[in-house]
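Let's walk through this structure together, starting with a pair of helices and moving on to the sheet and the nonpolar cores.

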Amino acid sequence: MNNPISINRQKVKEALKDFTLPWSPHIRLLDTDLIETLHIENQKIHITLKVSNVDPAQVEPLRAKIEHHLSQLKDVEQARVFMNAISSGLHDPTISKRLVFPPKQTGHTKSDTTSIKANNIKNAKPIETLNSVKCVIAIASGKGGVGKSSTTVNLAIALSQKGLKVGIMDADIYGPSIPHMLDLKGKVEVRDHKLIPMTAWGISAISIGMLVPTNQAVIWRGPMVMGAVKQLLSDVKWGELDIMLIDMPPGTGDVQITLGQSIKLDGAIMVSTPQDIALLDAKRGISLFQKTRTPLLGIIENMSYFLCPRCQEKTYIFGQDGVKKEAKALNIPFLGEIPILPAIRTASDEGIPITVQQPDGPESQAYHAIADLIYPAICKTGLANSKNS
């Protein structure tokens with residue numbers, strides 16, 4: 001006969017009674033409201049620390065100490081302590097169980113490209129959950145508002161329609177839009193303490209937007225954002241994928257640095273609109289990938305022209321051939337033009353991408369033409385190498 005499990009809330013609190021706050025050693029942990037949830041399931045303990053009013057970098061040593069201490073208790077099979085920067089709407093234990101983001105210091109806090117070294121990638125510990133992902137491509141832009149996410153979604157579907165297994169990791173922590181564009185709703189499933197990507201239109205996807213309320217602002221500082229990005233990779237059960245597209249946030253900040261130091265990207269695609277100001281920012285993004293020795297598969301000109309529905313005449317609202325000329329000057333492949341058309345925008349808003357709604361339409365053909373160009377590069381960098389290994 002098995003011995004009864006003796007772990008309970010009282011024993012957990014007894015184990016933590018002498019813990020004090022690192023930043024205020026005279027204050028006991030149990031005398032504060034820092035513990036937001038305490039959930040015990042069989043021999044597993046899940047605790048969520050509320051850090052909305054405390055710098056998460058200060059909380060991290062306490063989080064690690066609690067997790068280690070509780071894991072040593074008799075009858076405890078596993079102890080997990082998470083940090084939660086959102087103080088409202090997450091009191092349900094099942095939600096805190098889903099929100100497996102204890103964003104913590106990644107070891108690099110400087111938000112500048114001078115801290116990026118190519119050998120950081122060589123020395124980085126391989127992420128086990130990406131072992132079955134054959135090729136990882138970043139879709140990036142120098143600035144926001146150029147249609148990068150809609151490009152990512154429609155390229156993913158175009159590649160999927162070629163028979164590839166495709167996933168999207170939404171790395172835009174502050175402005176996640178992939179769930180809306182794919183009409184993904186509901187709770188993310190957790191299996192063996194790993195998040196299971198949600199699926200739509202043949203695409204697997206994960207996003208911070210699936211883990212927090214849609215109307216809740218994500219108010220996280222750099223270290224928490226960097227930790228969340230790493231866990232969107234390592235705490236997700238991706239399964240076998242031919243290609244993962246990472247929808248990058250705009251700019252050259254914490255997320256780009258974290259990804260550059262955490263994984264080896266097989267390539268990057270830049271998205272820009274034709275005007276000079278957008279191209280200036282795109283060149284900064286290109287410089288970032290060059291510093292991390294990430295192959296640039298090419299650059300896409302989005303919102304290239306407006307096509308009149310009556311006469312089919314092209315109007316170049318933001319200028320003509322701006323990206324094509326810049327690509328030639330930088331010796332980077334020019335991948336093609338995507339028009340600015342209402343159908344693309346409405347399809348994204350409805351959560352039914354244009355490549356699904358009108359697969360044979362001129363808008364979709366623009367994405368398919370780009371997919372045709374990058375498909376050989378994907379096979380060369382990812383699929384072929386995987387098959388020969």
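In this predicted model, helix α9 (residues 276-291) and helix α10 (residues 322-330) approach each other, with axes that come within 11 Å and cross at roughly 35 degrees. The crossing is right-handed. On the α9 side, Leu279, Lys283 and Ile286 make the contact, and they meet Gly322, Val323, Glu326 and Leu330 of α10. Sorted by class, this contact has four nonpolar, one polar and two charged residues.

α9 lies across β6 (136-140), β13 (267-272) and β14 (296-302), and runs at about 170 degrees to β13. α10 touches β13, β14 and β17, its direction making about 160 degrees with that of β14.

Now look at the sheet itself. Eight strands make up this open, mixed sheet, in the order β10-β11-β7-β12-β6-β13-β14-β17. β10 (198-200) and β17 (334-338) each have a single partner strand, so one side of each is left without a neighbour in the sheet. On average, neighbouring strands are turned by 25 degrees against each other, direction ignored. Within the sheet, β7 (residues 166-170) and β12 (residues 243-247) run parallel and are joined by five bridges; Gly167 has Met244 in β12 as its bridge partner.

Met244 comes up again in the largest nonpolar core: of its 79 residues, Met169, Met244 and Ile246 touch the most other members. Helix α5 (residues 148-160) gives the most to this core, with six residues. Among the residues that Ile246 touches are Val136, Ile139, Met169, Ala171 and Leu259. A second, separate core has 22 residues, including Ala15, Phe19, Leu49 and Val59.

Definitions and conventions. Residues are numbered from 1 along each chain as its sequence is written. This is a predicted model: local features need pLDDT of at least 70, side-chain atom pairs count only at pLDDT 80 or more; totals for chains, interfaces and linings use all residues. Side-chain values use heavy atoms; hydrogens and water are left out. Axes are lines fitted to C-alpha atoms, for helices over the stretch in contact, and angles run from 0 to 180 degrees between N-to-C directions. Helices (H or I, at least four residues) and strands (E, at least two) are DSSP runs, numbered from the N terminus. A crossing is left-handed if the near helix is turned anticlockwise from the far one by less than a right angle, and right-handed if clockwise. Contact means heavy atoms within 4.5 Å. Ala, Val, Leu, Ile, Met, Phe, Trp, Tyr, Cys and Pro count as nonpolar, Asp, Glu, Lys and Arg as charged, and the others, Gly among them, as polar. A nonpolar core is a set of buried Ala, Val, Leu, Ile, Met, Phe, Trp, Tyr and Cys residues joined through side-chain atoms within 4.5 Å. Buried means under 20% relative accessible area, exposed over 50%, partly exposed in between (1.4 Å probe, protein chains only). Two strands pair if DSSP finds at least two bridges between them. Lists of a residue's contacts leave out its neighbours within four places in sequence.
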